[in-house]
Amino acid sequence: MPKKRLTKLAEEYNLPFDQIVEIASNNLEESSLSGKGRNTWVDETGQDVLDSSIPIEEPKPNKYRGRVRNKCPNPRFMMVHVKEKMRVVKTKIPRKFSHVDWTNRIVTVEEVEEDELYELFVPSVY
């Protein structure tokens, strides 16, 4: 792992350059940084320290509330009208609840993949 520019690291971590320079100057020794301004380089040991010191946020799944329109021919899925999305989405039902008639009920739906897959969000009390 050779030296890397801070501008490249900022792109990889989706952080502004000013913020990554501040993190690097606070957490790294001066011997691991070389260069000035946007031409600042970080050596291998500095990259390892930066990896552990940069906060990585995990994306939270989006949750929506909607009314169940109808069941699909496949009993593991149902159609839910989500007002925030202004459309009807196909939602996967957990196997435990596939025998329940969900028609006209208000349910919470969790987005698993962007605009593709939704799952029924069931609280842990069940």
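Modeller: The side chains of Glu111 and Lys85 meet in a salt bridge, with 3.3 Å from N to O. Glu111 belongs to strand E7 and Lys85 to the loop between E5 and strand E6 (87–92), so the pair ties together parts that are 26 residues apart in sequence. This is a predicted model, in which local features need pLDDT of at least 70 and side-chain atom pairs count only at pLDDT 80 or more, whereas totals for chains, interfaces and linings use all residues. Residues are numbered from 1 along each chain as its sequence is written, and side-chain values use heavy atoms, with hydrogens and water left out.

A salt bridge here is a side-chain nitrogen of Lys or Arg within 4 Å of a carboxyl oxygen of Asp or Glu, and by this rule the count comes to 2. Glu111 is buried, at 6% relative accessibility, where buried means under 20% relative accessible area, exposed over 50%, and partly exposed in between (1.4 Å probe, protein chains only). The other salt bridge joins the side chains of Lys4 and Glu12, at 3.0 Å from N to O. In that pair Lys4 is partly exposed, with a relative accessible area of 28%, and Glu12 is also partly exposed, at 47%.

Strand E7, which holds Glu111, is part of a closed barrel of 5 strands that runs E4-E5-E6-E8-E7 with mixed pairing. From one strand to the next the twist averages 55 degrees, taken between axes fitted to C-alpha atoms, with angles from 0 to 180 degrees between N-to-C directions. Strands (E, at least two residues) and helices (H or I, at least four) are DSSP runs numbered from the N terminus, and two strands pair if DSSP finds at least two bridges between them. E7 and E8 run antiparallel and are joined by 4 bridges; Glu110 has Glu119 in E8 as its bridge partner. E5 and E6 are likewise antiparallel, with 6 bridges between them, and Met79 is partnered by Lys90 in E6. These two strands form a hairpin with 4 residues between them, and Met86 in the turn has a positive phi of about 55 degrees.

E6 and E8, by contrast, run parallel and are joined by 2 bridges, and Thr91 has Tyr118 in E8 as its bridge partner. Thr91 lies in strand E6 and is buried at 0% relative accessibility. Neighbours within four places in sequence aside, the contacts of Thr91 include Met78, Val80, Val109, Tyr118 and Leu120, contact meaning heavy atoms within 4.5 Å.

Leu6 leads on to helix H1 (residues 6–13), where Leu6, Leu9 and Ala10 are buried. Seen down the helix axis, the buried residues of H1 fall within an arc of 105 degrees, so they line one face of the helix; the arc is that of the directions from the axis to the C-beta atoms. The cover over these residues includes strand E1 (4–5), helix H2 (17–27), strand E3 (41–42) and helix H3 (44–53). Just after H1, Asn14 takes a positive phi of about 55 degrees. Leu15, in the loop between H1 and H2, is buried with a relative accessible area of 19%, and it touches Ala10 and Ile54, residues up to four places away in sequence not being counted. The C-alpha atoms of Leu15 and Pro2 are separated by 21 Å, the two residues being 13 apart along the chain.
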